[in-house]
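This report describes the model shown below. It is arranged by topic, beginning with a single residue and moving on to the contact between the chains.

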There are 2 protein chains.
Amino acid sequence: MAYELYYWGEIEGRGEFVRLALEEAGTPYVDVAREKGTGALMALWRSPEVTTPSFAPPILVHGKRVIGQTANILLYLGARHDLAPKAEAQRLWTNQIQLTIADFVTEVHDVHHPVGAAFYYEDQKREAKRRAKWFRDERLGQFLGWFETILDRNPRGAKFLVGARLSYADLSLFQMVAGLRYAFPKAMARVETAGPGVIALHDRVAARPRIRAYLDSPRRIPLNEQGIFRHYPELDG
Amino acid sequence: MAYELYYWGEIEGRGEFVRLALEEAGTPYVDVAREKGTGALMALWRSPEVTTPSFAPPILVHGKRVIGQTANILLYLGARHDLAPKAEAQRLWTNQIQLTIADFVTEVHDVHHPVGAAFYYEDQKREAKRRAKWFRDERLGQFLGWFETILDRNPRGAKFLVGARLSYADLSLFQMVAGLRYAFPKAMARVETAGPGVIALHDRVAARPRIRAYLDSPRRIPLNEQGIFRHYPELDG
């Protein structure tokens, strides 16, 4: 039974972390809004029949299951497609890393929308500039430094975030780096030298055959200024 | 072996969701920073020996395990103390609800710190007022409405969020309501009428013997203006 991913069709956004896992798994899936329109997404999202409704997309439907929250979807897919370790301690560690990525994603979003998603960027540009400076000068390095540290401390080596094999956390870290490079090319160029392990992992993930094929396909939505990672030159530097 | 909770000793914060689970489980635990000082928290948090270091507290130590991220800690405790269903679908649903509470908690924090945690509240008061209005007028009702909806749709009745028994998600929802009432008494008084199921669940959790004893004990830190839920009258209304 093919998976159905319900997520906005115009952006990578949080749905991209799920898309990458599905692509690496090599499993069939329908990217519903892209293939059937936003109406199909809204219909499932707002359906009164769903007993486990999500506050927001992404939503994964698999048979009778309707699962929301990115990290939760990845917990489900990781167990099914060998994209996470089986042992409980390692499985929780993978989940912990993913949740930290989720926090990081929220912070990246809030750089361009500090006052709230309800207001246009143009109406919070001044606040965004102030927040962006803090993000570039402190938070970006703190987050990347944390990932570099956990790679360094991995008892099985710095090739993957958890143990000696690829997990969905590696795919998500790839996406973070790709997004940050798009949104903050200048700031990233500055901090990347302090995170050689993170960058090497990004490159390793990008070179995996299924991921490479996906990135080169029309299924990969180009990053743009509607998503989480937005390139506003005035926020970089 | 007793659990050790590493979290700031002066606030409820995100650590409170873990404290409530430990209290309801009736299991011994050490609230390390409160009993041994913040230095003990910093020492574990910054220890280079930990192979699963956390980006931020709360951190739960259990034997050799060092586990971070609130929802991840609750996933671990839930399975061990019968505070979550055993079946995979229900376990994931509990996790999904907890992750949505985590998002909600971040939004509550961002009401008083929209430009960033690095700046004093006094230096972002104008922005906080703007964000607070959006939070009160839209987000608060959206979130509480979602919880009311999932209670209504629970096939086992509206007594608990998941199935027919208490889970850690119920404890966390109790904490959200308690915190929101403290921070936004006026706004909450307005929206509570639209969420009778949520309020009834809050009351039911508060009346559980172990939770009641905890709330009445000195272990429960009073809500204050250092934590996530802050009562700034200018942000309520």
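## A buried charge and its partners

Glu127(A) is buried, with a relative accessible area of 6%; here buried means under 20% relative accessible area, exposed over 50%, and partly exposed in between (1.4 Å probe, protein chains only). The model is predicted: local features need pLDDT of at least 70, side-chain atom pairs count only at pLDDT 80 or more, and totals for chains, interfaces and linings use all residues. Residues are numbered from 1 along each chain as its sequence is written, chains are lettered from A and ligands numbered from 1 in the order in which they are written, and side-chain values use heavy atoms, with hydrogens and water left out.

Glu127(A) forms a salt bridge with Arg126(B), their closest N and O atoms being 3.5 Å apart. A salt bridge is a side-chain nitrogen of Lys or Arg within 4 Å of a carboxyl oxygen of Asp or Glu. Glu127(A) lies in helix α6 of chain A and Arg126(B) in helix α6 (residues 125–153) of chain B, so this pair joins two chains. Helices (H or I, at least four residues) and strands (E, at least two) are DSSP runs, numbered from the N terminus. Arg126(B) is exposed, with a relative accessible area of 56%.

A salt bridge also links Glu127(A) to Arg130(B), with 3.7 Å between the closest N and O atoms. This pair too crosses between chains, from helix α6 of chain B, which holds Arg130(B), to helix α6 of chain A, which holds Glu127(A). Arg130(B) counts as partly exposed, at 29% relative accessibility. A network of salt bridges links Arg126(A), Glu127(A), Arg130(A), Arg126(B), Glu127(B) and Arg130(B).

Which residue does Arg65(A) meet in a salt bridge? The partner of Arg65(A) is Glu88(B), and the closest N and O atoms are 2.5 Å apart. Arg65(A) belongs to strand β4 of chain A and Glu88(B) to helix α5 (residues 88–112) of chain B, so the pair joins two chains. Arg65(A) is partly exposed, with a relative accessible area of 26%, and Glu88(B) is partly exposed as well, at 23%.

| Residue in chain A | Residue in chain B | Closest N and O atoms |
|---|---|---|
| Arg65(A) | Glu88(B) | 2.5 Å |
| Glu127(A) | Arg126(B) | 3.5 Å |
| Glu127(A) | Arg130(B) | 3.7 Å |

Over all chains the structure holds 34 salt bridges, and the count between chain A and chain B is 8.

## The interface as a whole

The size of an interface is often given as the accessible area lost when the parts come together. Between chain A and chain B the buried area is about 4300 Å², of which carbon and sulfur atoms give 55%. Buried area is the accessible area (1.4 Å probe) that two parts lose on being put together, summed over both. In chain A, the residues that lose the most area to chain B are Phe55(A), Arg130(A) and Arg153(A), together 18% of what that side buries.

In terms of contact (heavy atoms within 4.5 Å), 49 residues of chain A meet 50 residues of chain B. The rule also finds 30 residue pairs in polar contact across this interface, both residues being at pLDDT 80 or more. A polar contact is a pair of N or O atoms within 3.5 Å; within protein, one must be able to donate a hydrogen and the other to accept it, and residues adjacent in sequence count only if both atoms are side-chain atoms. On the side of chain A that touches chain B, the elements that give two or more residues are β4 (65–68), α4 (70–80), α5 (88–112) and α6 (125–153).

One residue of chain B that reaches across is Ser47(B), which touches Arg153(A) and Met42(B), not counting residues up to four places away in sequence. Ser47(B) lies in the loop between α3 (38–45) and β3 (59–62) of chain B and is buried, with a relative accessible area of 15%.

## Symmetry of the two chains

A rotation of 180° with 0.0 Å of shift along its axis superposes chain A on chain B (RMSD 0.0 Å). That is the relation of a two-fold axis. The superposition is by least squares on the C-alpha atoms of residues with pLDDT of at least 70 in both copies. In chain A, the C-alpha nearest the axis is that of Pro114(A), 2.7 Å from it. The same surface serves both copies, as 100% of the contact residues of chain A recur in chain B.
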